[in-house]
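Terms are given with their cut-offs at first use.

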Amino acid sequence: MTLLWIPLLSLLGSIISSMTGKLTRNQSTGLTMLMPIIALLMTISLAPAVFSGEVIRQTISWIPLLGIDIAFRLDGLALLFVFMILGIGILVIFYARYYLSSKDSMPKLYSYLMLFMTAMLGIVMSNNIIQLWFFWELTSISSFLLISYWWHKAEARKGAIMALTITGGGGLALLAGLLLLGNIVGSYNLDIILASREIIQSHAWYEVTLILILLGAFTKSAQFPFHFWLPHAMAAPTPVSAYLHSATMVKAGIFLLARFYPALAGTELWFILVSLTGLTTLLFGAYIALFKHDLKGLLAYSTISHLGLITLLLGLDTQLAAVAAIFHIINHATFKASLFMATGIIDHETGTRDMRKLNGMWRFMPYTATLAMVAAAAMAGVPLLNGFLSKEMFFAETLHQQLLGSMSWLIPVLATVAGALAVAYSARFIHDVFFNGDPIDLPRQPSEPPRYMRVPIEILVALCLVVGIFPNFIVDDILKAASFAVIGGYVPEFKVALWHGFNLPLLMSAIAVTGGVLLYTQRRYLYQYHASLPSFDAKKAFDSTIYVVTKWCQRKICAIENGSLQRYLILMFVVVLFFAGWPLFEMNQLGGQKQLTPIDVHNAIGAALLMIGAISTVIWYRTRMISLLMISVVGLMVSVAFTRFSAPDLALTQLTVEVVNIVLLMLALFFLPQRSPKESSSIRVLRDLGISAALGIVVSSICYALITRPLESISDFFLANAKTGGGGTNVVNVILVDFRGFDTLGEICVLGIAALGISKLLVNLPLIMPSSDSEGRPWAKERYPILLASISQSLLPLALMVSFYIFLRGHNLPGGGFIAGLVTAIAFILQYIAHGSNWISERLPINYRKIIASGITIALFTGVGSWFFGRPFMTTWFDYFDIPFIGEIELASALIFDVGVYFTVVGATLMILASLGQLTANTPKEEVNI
Amino acid sequence: MELLYASCVGILVSCGVFLILRSRTFPVVLGLTMLSYAVNLFLFSSGRLSLNKAAVLGNSTQYADPLPQALVLTAIVIGFAMTAFVVILAIRGRADLGSDHVDGLVLDKNSDKKNDKNKKGKV
């Protein structure tokens, strides 16, 4: 069970930390750190097993029918990343406690950070690639929240949007690639995919799949030309940058490359694409970093450059290159996180990050300066520090590859150039900030930061040193385990050591260091040259591209969506016409084999009335009142038809709904114009007539074809089991409350939601209240006829009794919750009509919302109730009881469910009508009692 | 009989669609109501037309198909809820936009602004 707990604890931490608003800063930090610390301890307990070559798995079956599981997996590579994510995460949380000012919301930052941590843990531990993608997207979203943490700053918002756009777009490409990959292999399980190298690489879709997955990885890891989001993401608070851009977010892309290395790497295409992208990014980042005056800008481009280096290593065709890549992942995380934190301290203490102002900091904060200088030296690749070791390995591997054929010597040369640039910008970080004269116009008088703010940096810098001096002491196990996972099987013998003797890589390092120092000292000329280059602002290009794309989309949308409801409907009708009509032409014979029933007089009259009603509605549609009367004839005839064709339940429902519906429409007509103006052109009328006639013909043909064919129904099951299984003889009602009770539950929920939606729609309605009808006749002064008032009052108890009767007999005879609910509602509506809503709300202060809620709750809990008897949700129970004076009576749990239905129907119907009716009562809002 | 039934459904569909294609909200609502009658009748008929069959279990051997009936019963109620929602939406739309015209953005000169002298205005 432990694997699942690692991301779960971190998610829990996110929730907990969001609730620490009332606590002190120390308490909040402590609580937030607790969860990742527990997770880290758990991971440590799992580590020995992973080091011994075991892969720990945990799978929770989710939708077994579709083969979808929640699957976690911990191998060497995942373990390495989990360590980095949790370890650096804990340090960042601790650091942020001192970094954030009292104005910044601490719980907000912590809960976003923990959410981000969860997402990263999910990525590295997923054993299902769709699940992996889900967490991948979660990192995009949570990093968006983190970057836009200071949302009042425009640059933070823009940076966040840019990061989301680029990484989100890459995420889509990745999804497509993963889906293809899953299709090729026939499984989304990572274990299976990693073992199917031959199948994947010989498949015709391999190239497309690879490019799509690489797009995902490159956008996330800020590879050229997608690098430009990263510097803009520096608008985030420095702890966030330290976390996102050293150990996590940007490393997710690298992780992806390493994760799929066993399955996707090894082909010409992989080597060319990955190594050249990496090389370009390495050089480009290192070059630009030199010209950044902002400390974080320098670190941002240096990050881009180092990511390029790791990508290049993963793209080299030697086996040790992957080992070197993993080693550099660890080293970069440690020195870059500490550098970001040191930058945060400098920013915090001086109020600026501009290297043109920051000079001679050594005097003010010697301790921090020492730490930062050690970390920067590691970044430059100075011996005795971890950066040196992996850089040596990198140089060695560039010498062994055969990537560019006879021009392969170019790669080590360019690598040395990049090394020199790295030394130069690291030298600038050290010299320009801590020495180089006196500070200029600092907003604040600098001093050493609070003691504990330096603790995370001390830990990380200590790691840089220990790894640099005793490499085998700490990283050997994890490096071997992770390399084993990446290379997939055989790991060549390698020895990480400080001293390999005098060899070519050492010479390259020496050239890089001297070249770098030279570059830095002579930087004036380089700056002049750089200033003469035409400047290219990636942000402007990005903005204008986005602008053009959204404009184009907007135009296209406007062209399709012109605001005409009728136009959309016509499109839909035409599509329906085509797809429903087409098969009819391929049928040999419309009528089926079933013997036709003869037409009798009653049916003929009924049908004639229905048709006349329908056609009259259309003819008089402009005089709305008349067409409303006509449509009520149609509704009445429909309920008569239900009676005729042996469906008493339907007839009752239709009849009651019809009453409510017509009352509602009548009420609505009061607020709408009484007439529709004539505005359709003759052509349009002709077109509409054509479409509606065609649709009518198609539907009636299908209907005829359907009802003239013999019936094969599953209803026999319901007929056979209604009495024995459901305890009722009214099969329709038993289906509703028992067999398909779950559907009914959903339906009453819809009813409740519709009613709530309506009451919300009517809030603060700017009402147009006509004082007269359309012909200028004022409405009658006598609002409530006395005769109706007195009759309706005496009718109410009778109606309620009838509805109670209909409800009770529903299980065995036509009736039930729906119909009884409607009858009750009508009884009340009659009161509203006769007395007005003020009169009612004085005498009957009912909150309809509560009735709906209680109805749904009753229905739901009846279903839940069966759990207590160890049965599945909504199992019915019934039995017969002998009650004195009444006789034998059947009680069923379905009856309680029907009570829920009853209350929901009453509540919803009355809420709809009463909310609307209330508007006519001219009362202030406070008295509205809905 | 089957032919008559099918024609009735067809007529209801035609009238409903024609009304829906009118450019004002009220006819659209009426059309929707009409269309839901048609759909309910159509669904109901999938159990075939059964004259004088028993709906409730008892002595009879011939039963009407209960399944479409159960489906249509809830469809009627839900249909009502949806119609109600659309009606209220129409009222809201008219109150907010000043017109019940839904056929494109171009407000024609027939919009009911000119009847404003009959209105009390906001409540």
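1. Does A:Phe473 count as buried or exposed? A:Phe473 counts as exposed because its relative accessibility is 67%, where exposed means over 50% relative accessible area, buried under 20%, and partly exposed in between (1.4 Å probe, protein chains only). A:Phe473 lies in helix H21 of chain A; helices (H or I, at least four residues) and strands (E, at least two) are DSSP runs, numbered from the N terminus.

2. On the basis of the note: this is a predicted model, in which local features need pLDDT of at least 70 and side-chain atom pairs count only at pLDDT 80 or more, while totals for chains, interfaces and linings use all residues. Residues are numbered from 1 along each chain as its sequence is written, chains are lettered from A and ligands numbered from 1 in the order in which they are written, and side-chain values use heavy atoms, with hydrogens and water left out.

3. On the surface of chain A, a nonpolar patch is formed by A:Leu384, A:Ile459, A:Leu463, A:Leu465, A:Ile469, A:Phe470, A:Phe473 and A:Ile474, with about 720 Å² of accessible area together. Two elements of chain A give two or more residues to the patch, helix H20 (455-469) and helix H21 (471-474), and H20(A) gives the most, with 4 residues. Patches are made of residues with over 30% relative accessible area and no salt bridge; like charges are joined within 9 Å and nonpolar side chains (Val, Leu, Ile, Met, Phe, Trp, Tyr) within 5 Å. Accessible areas come from the Shrake-Rupley method with a 1.4 Å probe, and for residues only the protein chains shown count as cover.

4. A:Leu384, a member of the patch, has a positive phi of about 80° and sits in the loop between helix H17 (366-380) and helix H18 (386-400) of chain A; its relative accessible area of 45% makes it partly exposed. A:Ser646 has a positive phi near 60° in the loop between helix H28 (624-644) and helix H29 (648-671) of chain A, but is buried, at 7%.

5. A cis peptide bond, with omega about 0°, joins A:Phe224 and A:Pro225. A:Pro225 belongs to the loop between helix H9 (206-220) and helix H10 (229-232) of chain A.

6. Chain A and chain B bury about 9,700 Å² between them, 75% of it on carbon and sulfur atoms; buried area is the accessible area (1.4 Å probe) that two parts lose on being put together, summed over both. The contact (heavy atoms within 4.5 Å) takes 117 residues from chain A and 90 from chain B. Across this interface there are 3 salt bridges, a salt bridge being a side-chain nitrogen of Lys or Arg within 4 Å of a carboxyl oxygen of Asp or Glu. A:Arg624 forms a salt bridge with B:Asp100, the closest N and O atoms being 2.9 Å apart. Helix H30 (residues 682-707) supplies the largest share of the chain A side, 16 residues.

7. Chain B has 3 helices and 0 strands. Of its 123 residues, 63% count as buried.

8. A:Thr824, in helix H35 (residues 817-835) of chain A, counts as buried at 3% relative accessibility. Beyond neighbours within four places in sequence, A:Thr824 is in contact with A:Leu800, A:Ser803, A:Tyr902 and A:Val906.
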